[in-house]
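Subject: Structure handover

Hello,

Here is the structure I promised to pass on. Please open it alongside this note.

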Amino acid sequence: MHRFKQLRSCDLILALLLVVSAFLILNGLDRAALWDDEAQVGVIARNLLKTGHLTGWDGRNLYGYFNGTLLDDRLDYINPPLDVLLAAASIKLLGPTTLAVRLPFALCGIASLIAFLALVRRSFDENPAHRVYAFALFALNVSFILSARTGRYYAISMLCQILVFVLYYRYLERRRLADAVGLVATLIVAFYASYLLAIGTLASVAAVHILRHRRSLSKQDIVPVTIAAGIFAVSTVPYALIHKIWYRPDFVLSVNPWYVDRLTILWRSFRDMNTTATLPWMVAVLLLGLLVVNRRRALPAPPVVYDWLIALAAYFLAVGLFSPMPRTSDPAVADIRYMTGIFPFACGLAGVAAALLSRVSRELAVVLSAVAICSNALTWTPLPERQFPFTSKLRLTLPNLALEEMRPYPTENGAVAEFINRNAAQDDLVMTVPSFFDNSLLFYCGDRVKICGQLYLNAKLSLAEIRKVGPANFVEMSFPDWIVFSRFTPEDVNYLKYFERPQQTPAGAMVSRRYRLAAILPVYGAQTQRPELIWHVFGPVTKYKIESEATYVFERDKSVARAR
């Protein structure tokens, strides 16, 4: 009877955690405008609905990120398409809004919760405390919630990571072809969400099988495994070869030996995973210590814990080896988005540490969990910030996120889009500095203005397609009506002067024009709504230096033209 009550209480707690987490994922989903990468998904999704194919050119504006590096010679979009397809379906139903772009990924985040709940129930069948702690530290982790609220592939990759292991364990138990096919279908979905994160997922399940369960398969498994592998190869390899998914010219090539770059990226990934607060370094040390102590006391942890540790290590190794991000990237931190796929297992391991600690002191385990969920205190390091960046400032996380979702969140992206829609004339030319800021304007203002200066004349696109987009899309041939600077610096004065150079009119006369300051927008010049905790700000920044950290908008003075 006591066992029944204990399990029932556990189920009630898990259900409550699921509801709370789902609410935090959905609440205020459209309060902040889309940031750069989200707007990119929204722009290509709108282009798909308008033209019928994945393209950067909609007949009016061009998505030309980093000199067109994500477009092929036909101006077709070459990034993994699944997030665009989901966004397009949502926009078709709800219209081209912020909510429409983010909603399908938020639903994937909630599906991840349900899948992880099924996984922990199976993995900790005899350990209710392990279930609660593992699920709680995942469901209420702020990095997970922010990633699920983001209109990109992050939630899809997390869902696929979990489902792959659910189906893998089911196949080992039941030996059904349907489970093998389901597993490979999930890997295919992961591939079309993110090539790199799919490699991490594949590496993690392969490592777990080889190191932990290789004796579980027999000769009778050859046929279903071969069929599954064949389906995966046919569904992915031709696409990978045609689109050259390994080719990323937008990343600067390093002059260092390959192994030096890989080791550096691996170190940064290992170091900066701490900043996500999914498995803070203090909790990781505690976990390893408790595993050793309990093993010596003949109180081993559930076997799945070692599966997750291996999965975590294999995922890091695979992503580090195949990451396109160069070692010379600035700032010198890991690309946190590549780690989202392993967030569920990292959080689950933190929960296991709390559950093992509860054997010593239930009160201490609850306090540890609360601190891990509500703050970044356990990520703090005493080492210099240049070695462990972004971990020296302590702050609340989950409480601040809850407050953020209840209040308006004006951002630079939204403020600029609102200003341009209100003040620019139809078909005015607009340029942004830095250029990645174009994406938000393309999504919110593309029907009103034309975004210019997306490419340089050395863009590696076909001549025929370059002629199609028109001269205004090239920096060297553009004379924008508006120039938006995110954080206007002294060096940007030269940028303005470049566009004030003499211009030849169709009649052959040489004229020059001037730009005037049209507005200093009352927003902090940064994308503070990004999901990475190292950059995310819980609500608008109100204290900043207007002269160097605000957003400046310049307008070309059409009344002043000097003939030469």
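Below is what was found in it, by topic.

This is a predicted model, where local features need pLDDT of at least 70 and side-chain atom pairs count only at pLDDT 80 or more, while totals for chains, interfaces and linings use all residues. Residues are numbered from 1 along each chain as its sequence is written, and side-chain values use heavy atoms, with hydrogens and water left out.

The cores

Start with the largest nonpolar core, which has 157 residues. A nonpolar core here is a set of buried Ala, Val, Leu, Ile, Met, Phe, Trp, Tyr and Cys residues joined through side-chain atoms within 4.5 Å. Buried means under 20% relative accessible area, exposed over 50%, and partly exposed in between (1.4 Å probe, protein chains only). F116, F135, W308 and I420 touch the most other members. Helix α8 (residues 154-174) gives the most to this core, with 14 residues. Helices (H or I, at least four residues) and strands (E, at least two) are DSSP runs, numbered from the N terminus. Another core lies apart, with 14 residues, among them L429, M431, F499 and Y552.

Look next at F135. Leaving aside neighbours within four places in sequence, F135 is in contact with L14, L17, L18, L113, F116, L117 and V120. Contact means heavy atoms within 4.5 Å.

Strand β1 and its partners

Five of the five residues of β1 are buried, so β1 is largely enclosed by the rest of the structure. L429, M431 and V433 are buried on one side, V430 and T432 on the other. β1 pairs with β2 in the parallel sense over two bridges. Two strands pair if DSSP finds at least two bridges between them. L429 has K450 in β2 as its bridge partner. The chain crosses from β1 through α19 to β2, and this β-α-β crossover is right-handed: with the strands pointing away from the viewer, the path from the first strand over the helix to the second runs clockwise. β1 also pairs with β3 in the parallel sense, over four bridges. There, M431 has I483 as its bridge partner.

Helix α19

Why is α19 largely enclosed by the rest of the structure? Seven of its eight residues (438-445) are buried. They are D438, N439, S440, L441, L442, F443 and C445. Their cover includes α2 (36-51), α4 (82-94), α5 (98-123), α18 (412-423), β1 (429-433) and β2 (450-451).

R46 lies over the face of F443, at 5.8 Å from the ring centre. A charge sits over a ring if NZ of Lys or CZ of Arg is within 6 Å of the ring centre and within 35 degrees of the ring normal. R122 lies over the face of Y169, at 4.3 Å from the ring centre.

Aromatic residues

Y169 is also in an aromatic cluster, including F116, F165, Y168 and W308. The structure holds 27 aromatic pairs. Rings of Phe, Tyr and Trp (its six-membered ring) pair if their centres lie within 6.5 Å; planes under 30 degrees apart count as stacked, over 60 as edge-to-face and the rest as tilted. F191 and Y195 form a tilted pair, 5.0 Å centre to centre, with 45° between the planes. F191 is buried at 8% relative accessible area, and Y195 at 10%.

Residue R556

R556 is found in strand β6 (residues 550-563). Is R556 buried or exposed? R556 is buried, with a relative accessible area of 13%.

Best wishes
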